Amino acid sequence: MTESSATVPFRIGQGFDVHAFGEGDHVMLGGVRVPHDRGMVAHSDGDVALHALCDAILGALALGDIGVHFPPSDERWRGADSLGLLRHCVALAAERGWRLGNADVTVVCERPKVGPHALSMRERIAEACGVALDAISVKATTSEKLGFTGRGEGIAAQAVALLVKA
């Protein structure tokens with residue numbers, strides 16, 4: 001007999017997102033406007049960190065991905081603030097009896113430098129998710145000048161989220 005998911009006290013989801021650089025003077029990362037000599041090519045604000053986290057939460061809930069909930073074909077989401085998308089995903093979890101236990105987000109890029117903004121990103125994400133600051137990790141790595149991120153063509157992010165019974 002298969003155990004019902006209702007009896008498991010936690011769920012884990014992972015997410016990944018990528019956006020190419022385009023015209024602009026900043027990128028949104030973790031809900032923070034980070035000065036940069038490029039912008040992001042995206043339907044919403046292009047915040048790869050928050051998009052990966054949304055996908056991690058949706059994955060833990062087995063509700064598909066960010067494209068299902070906020071399709072780029074829907075003009076309502078053009079230029080959308082990704083903190084609002086994250087709040088929506090957290091609300092979907094709450095409606096189903098789950099809350100975010102913790103999240104770990106890794107941004108992959110050569111530039112801009114994420115470290116100076118990581119604390120602000122953690123604060124914005126924690127507030128949007130309704131959790132303590134120590135439940136949110138934001139870190140960055142480069143790809144050692146390999147691949148599209150190494151060539152400075154875009155930014156990627158991955159995230160893991162733990163949902164616990166509310």
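Modeller: Happy to! Let's start with a side chain: a polar atom of the His19 side chain lies 3.1 Å from the backbone oxygen of Val41. Before going on, please note that this is a predicted model, where local features need pLDDT of at least 70, side-chain atom pairs count only at pLDDT 80 or more, and totals for chains, interfaces and linings use all residues. Residues are numbered from 1 along each chain as its sequence is written, and side-chain values use heavy atoms, with hydrogens and water left out.

His19 belongs to strand S1 (a DSSP run of E, at least two residues, numbered from the N terminus). With a relative accessible area of 14%, His19 is buried (under 20%, using a 1.4 Å probe and protein chains only). Beyond its neighbours within four places in sequence, its contacts (heavy atoms within 4.5 Å) include Met40, Val41, Gly46, His51 and Gly154.

The His19 side chain also makes a polar contact with that of Asp17, at 3.1 Å (N or O atoms within 3.5 Å, one able to donate a hydrogen and the other to accept it; residues adjacent in sequence count only if both atoms are side-chain atoms). Asp17 sits in strand S1, residues 10-22, and is buried too, at 13% relative accessibility. Setting aside neighbours within four places in sequence, Asp17 touches Val48, His51, Ala52, Ile155, Ala156 and Ala157.

As for the annotation, an unreviewed UniProt entry lists Asp17, His19 and His51 as "binding site"; such annotations may be inferred rather than shown by experiment. They spread over 35 residues of sequence, yet cluster in space, with a largest C-alpha distance of 10.2 Å.

Conventions
Helices (H or I, at least four residues) and strands (E, at least two) are DSSP runs, numbered from the N terminus. Buried means under 20% relative accessible area, exposed over 50%, partly exposed in between (1.4 Å probe, protein chains only).
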